[in-house]
Amino acid sequence: MKAFDNIKVLDFTHVQSGPTCTQLLAWLGADVIKIERPGIGDATRNQLVDMEGADSLYFTMLNHNKRSLTLNTKHDGGKKILERLVKKCDVLVENFAPGALDRMGFPWQRIQQLNRGMILASIKGFGDGPYEDCKVYENVAQCVGGAASTTGFPDGPPLISSAQVGDSGTGLHLAFGIAAALFQRERSGRGQRVFAPMQDSVLNLCRVKLRDQQRLVASGVLEEYSQHGDGIAFGDTTPRAGNDSGGGQPGRILKCKGWQHDPNAYTYFITQAAVWGNICELIGKPEWKQHPHYATPAQRLPRLNLIFGAIEQWTKRKTKFEVMAACMPLKIPVGPILSMKELAADPALRKSGTVVEVDHPQRGKYISVGCPIKLSDSAVQVERAPLLGEHSEEILRQMLGYSEAEVAAIQTAGVV
Ligand code: CAO
């Protein structure tokens with residue numbers, strides 16, 4: 001048994017944000033039917049193509065465990081099939097540009113008439129407001145959600161994070177909303193709309209930066225930022241913090257042995273207050289344990305640059321893995337900067353199913369990221385992404401009850 005067994009999802013998603021959401025639902029047991037334009041499909045099938053004639057990794061890594069039905073929903077025959085699908089399914093997920101579902105002839109009112117229990121889940125760039133009609137992609141979402149203005153170094157331009165907080169982050173938010181709506185439907189019998197705007201989702205993930213905005217207004221400084229230690233005045237908005245972090249537990253990225261030629265020979269190092277004594281012993285500064293400049297977090301805050309400089313003198317003599325090995329028994333929170341090459345080969349991630357090898361009829365074997373959420377009673381088997389229209393006939397015949405002759409006529413008309 002799986003968490004979402006018997007839940008049927010009509011998956012009108014494309015590119016990255018929506019597909020990450022429906023992929024999670026599929027991993028947890030939902031029957032996800034991806035609807036794609038005949039002959040075209042999700043645009044990512046043909047984007048960043050690395051192997052001629054095969055669906056791209058972009059597509060195959062975002063659409064595991066789904067079935068593919070090609071359907072021209074602007075054709076009258078296609079609309080009739082879609083009507084039947086809406087009646088049969090539990091959730092419709094879409095991340096079209098604003099208004100596309102209405103233009104297709106399936107506004108929320110009509111969906112409700114067809115199926116009172118239907119949950120309609122949407123991702124758009126913005127919520128209601130002056131920008132509600134705008135199309136949005138990942139990096140735009142990072143900019144308008146506050147991530148870009150707070151990422152990077154204070155003396156450099158805003159930066160985009162490689163973590164796809166706009167797309168995959170919003171997909172996660174939407175998946176949670178869908179799970180909540182399904183849970184509520186158990187009691188109310190009614191479906192509802194679930195809406196996750198990308199700007200709002202990114203801002204939610206930047207919550208601590210809005211915290212800092214208010215701290216800055218109240219006190220004029222953010223003491224854990226290097227800028228404070230460097231004596232550079234703060235402006236009136238949360239600045240870019242470089243690699244600084246920490247509520248009460250300041251941290252930095254520090255050089256490790258080999259940093260001159262290896263771009264990832266670095267470690268993150270957190271000066272957690274609870275293990276300050278261990279840190280002092282480790283880096284050869286036992287006198288700092290009781291010293292009036294270093295003994296307490298408050299005493300350390302104005303001296304963080306000096307403190308991290310001293311710690312770096314120690315980390316520079318060790319590889320990032322030696323730093324990890326030395327800090328682990330002392331309960332000092334550190335983490336090596338791992339490259340994608342290292343992550344792809346990581347035995348623990350392979351064992352847990354977070355890095356998986358998948359076999360694909362066009363591509364052969366490729367590596368993907370499996371389900372990062374582990375449920376003890378809903379095991380995940382990662383299956384390859386479907387070929388375009390691979391399950392069209394199966395869905396029309398078995399799920400919607402069309403006869404062989406009807407399916408042939410639908411195909412001849414170019415509806416699927
Ligand atoms: N049959 C017939 N028509 C179909 C169809 C099907 N199966 N599937 C889609 N279409 C049509 C849509 O109805 C739409 O037609 P109209 O413009 O006439 O209404 C058309 O295809 C294009 O859809 P779209 O507007 O969603 O796609 P786009 O390439 O123009 O825009 C994107 C892409 C991502 C910018 C836009 O969909 C968007 O802003 N989505 C919301 C935000 C989002 O999720 N962004 C993340 C993208 S990943 O970085």
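This is a predicted model: local features need pLDDT of at least 70, side-chain atom pairs count only at pLDDT 80 or more; totals for chains, interfaces and linings use all residues.

Residues are numbered from 1 along each chain as its sequence is written.

Three strands form an open sheet in the order 7-8-9, with antiparallel pairing. Pairing requires at least two DSSP bridges between two strands; strands (E, at least two residues) and helices (H or I, at least four) are DSSP runs numbered from the N terminus. Strand 7 (251-255) and strand 9 (334-336) are the edge strands, each pairing on one side only. On average, neighbouring strands of the sheet are turned by 20° against each other, direction ignored. Strand 7 and strand 8 (residues 266-270) run antiparallel and are joined by five bridges; K255 has Y266 of strand 8 as its bridge partner.

| Helix | Strands touched | Angle of directions |
|---|---|---|
| Helix 13 (residues 304-315) | strand 7 and strand 8 | about 40° with strand 7 |
| Helix 14 (residues 320-327) | strand 8 and strand 9 | about 155° with strand 9 |

Contact means C-beta atoms, placed from the backbone, within 7 Å. Axes are lines fitted to C-alpha atoms, for helices over the stretch in contact, with angles from 0 to 180 degrees between N-to-C directions.

The ligand is surrounded by 25 residues, the closest being V15, N95, F96, A97 and K135. Helix 1 (17-27), strand 2 (31-36), helix 4 (100-103) and strand 5 (119-124) are the elements that give two or more residues to this shell. A residue counts as near if its C-beta atom, placed from the backbone, lies within 6 Å of the molecule.

Technical notes. Two residues are in contact if their C-beta atoms, placed from the backbone, lie within 7 Å.
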